[in-house]
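User: Please take a close look at a single helix in this model. What does it pack against, and what surrounds it?

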Amino acid sequence: MKFATIGTSWITEAFITAARETNVFEPAAVYSRSEEKAKEFAARNGIALYFDDLEKIAQHEEIEAVYIASPNSMHFKHAKIFLENGKHVICEKPMFSNVKELDEAFKIAEQNGVFLMEAIRNVHSPNFKILQDNLEKIGKIRSALLHYLQYSSRYDAFLHGEVANIFSPKFSGGALVDLGVYPISVAVALFGEPKEIHYTPVMLSSGVDGSGTLIMQYDEFVCTVLCSKITQSHIPSEIHGEKGTLVVDHVAPINSIQFVENKTRQSVEVAEEQSKNDMKYEIEDFVRMVKEKDYKAYEEYKKWSRAVLMITEKARRQNGILFDVEK
């Protein structure tokens with residue numbers, strides 16, 4: 001399946017590398033608002049076609065799908081153009097700024113007979129499936145701590161007055177939607193939608209959250225989600241049950257999962273070795289879904305993405321965090 005890319009940052013190059021590892025998803029075209037940048041990026045990545053016109057690339061007959069990695073606030077606009085032209089879309093997380101955009105995009109996809117999927121790499125990985133399969137070992141779940149705290153290379157510049165996209169409401173930024181989506185996605189895929197949520201952010205002068213604590217209330221336990229782009233964590237995530245604990249080295253990528261039995265304190269590693277570039281697994285699932293017309297998987301991925309976006313939107317609104325596209 002030949003695909004185009006929107007976005008010329010490091011994450012697009014990582015996606016292209018992962019796509020080539022799969023041997024089922026071939027990069028065929030590049031888009032950038034700057035023709036010069038598109039040409040340079042295409043040459044650097046061995047891609048023949050490059051465009052600075054979205055309509056032309058969306059209408060190109062060789063292109064079957066698109067990977068979108070533009071600024072968050074532009075995801076909906078870009079996805080809409082390709083969906084309306086009958087192209088399948090895999091869109092970088094967070095897929096859209098709010099649930100309204102998501103519902104409209106899925107409506108357009110279904111009207112045009114194409115697939116839309118969020119590129120949320122961790123829940124498509126083999127080790128996430130192992131985590132799911134081992135959940136019953138710990139017995140009744142009583143609590144969970146899932147987190148992603150990573151000091152941003154752009155924060156120093158922010159402190160000196162330079163506001164990068166990820167710290168700007170203009171581009172639908174903030175810690176919760178950038179990094180919090182990873183642990184929230186794990187929680188939703190493992191436990192379902194919470195009954196209640198409450199978010200306490202550390203606000204930045206730009207009007208978005210630099211870090212925060214999200215409480216997700218389930219029937220018999222609480223899942224605590226921590227996220228940050230202004231601090232760094234050095235501890236694992238954990239899911240605590242009455243029989244044992246699952247200790248996860250990191251929510252994205254998941255490289256180690258230890259089952260620790262409560263009574264004996266014995267620890268067993270259950271994770272397996274997987275690709276260092278775990279984006280390949282979301283690509284493989286996307287291509288398989290499209291080729292096999294797997295609507296069961298489609299509905300499951302759609303449900304996950306909607307639940308995660310509903311949580312982040314509610315959390316933001318609890319704290320008056322509005323993106324420019326919502327004003």
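Analyst: In this predicted model, the buried residues of α4 pack against β1 (2–6), α3 (54–59), β4 (65–68), β5 (88–92), α5 (99–111) and β6 (116–119). Those buried residues are H75, F76, H78, A79, I81, F82 and L83. That makes 7 of the 10 residues of α4, so the helix is mostly covered, buried meaning under 20% relative accessible area. An α-helix has 3.6 residues a turn, so residues three or four places apart point the same way.

Now the direction of the helix. α4 lies across β1, β4, β5 and β6. Against β5, α4 runs at about 165 degrees. Just after α4 comes G86, with a positive phi of about 75 degrees.

Next, the sheet under discussion. The sheet is open and has 6 strands, in the order β3-β2-β1-β4-β5-β6. Pairing in this sheet is parallel. β3 (49–51) and β6 are the edge strands, and each pairs on one side only. On average, neighbouring strands are turned by 25 degrees against each other, direction ignored. Between β4 and β5 the parallel pairing runs over 4 bridges. I68 has its bridge partner in β5, namely C91.

The approach to the helix deserves a look too. S70 sits in the loop between β4 and α4. S70 counts as buried because its relative accessibility is 10%, and the cut-off for buried is under 20%. Leaving aside neighbours within four places in sequence, S70 is in contact with I6, H75 and H78. H75 and H78 are also among the buried residues of α4. S70 and T12 are 58 residues apart in sequence, yet their C-alpha atoms are 9.3 Å apart in space.

Finally, the open space. The largest pocket has a volume of about 1,100 Å³. Its lining holds 42 residues, and S9, W10, I11, A69 and R154 are the closest to its centre. α4 (75–84) is one of the elements that give two or more residues to this lining. The others are α1 (10–22), α8 (175–191) and α9 (279–292). By class, the lining has 17 nonpolar, 14 polar and 11 charged residues.

How values were computed: Residues are numbered from 1 along each chain as its sequence is written. This is a predicted model: local features need pLDDT of at least 70, side-chain atom pairs count only at pLDDT 80 or more; totals for chains, interfaces and linings use all residues. Side-chain values use heavy atoms; hydrogens and water are left out. On a 1 Å grid over the protein atoms alone, a cavity is a set of points where a 1.4 Å probe fits but cannot get out, and a pocket is an open set with protein on both sides within 12 Å along at least five of seven lines; lining residues have an atom within 4 Å of a point. Grid points are joined across faces, edges and corners, and a volume is the space filled by probe spheres set on the points. Ala, Val, Leu, Ile, Met, Phe, Trp, Tyr, Cys and Pro count as nonpolar, Asp, Glu, Lys and Arg as charged, and the others, Gly among them, as polar. Buried means under 20% relative accessible area, exposed over 50%, partly exposed in between (1.4 Å probe, protein chains only). Contact means heavy atoms within 4.5 Å. Two strands pair if DSSP finds at least two bridges between them. Axes are lines fitted to C-alpha atoms, for helices over the stretch in contact, and angles run from 0 to 180 degrees between N-to-C directions.
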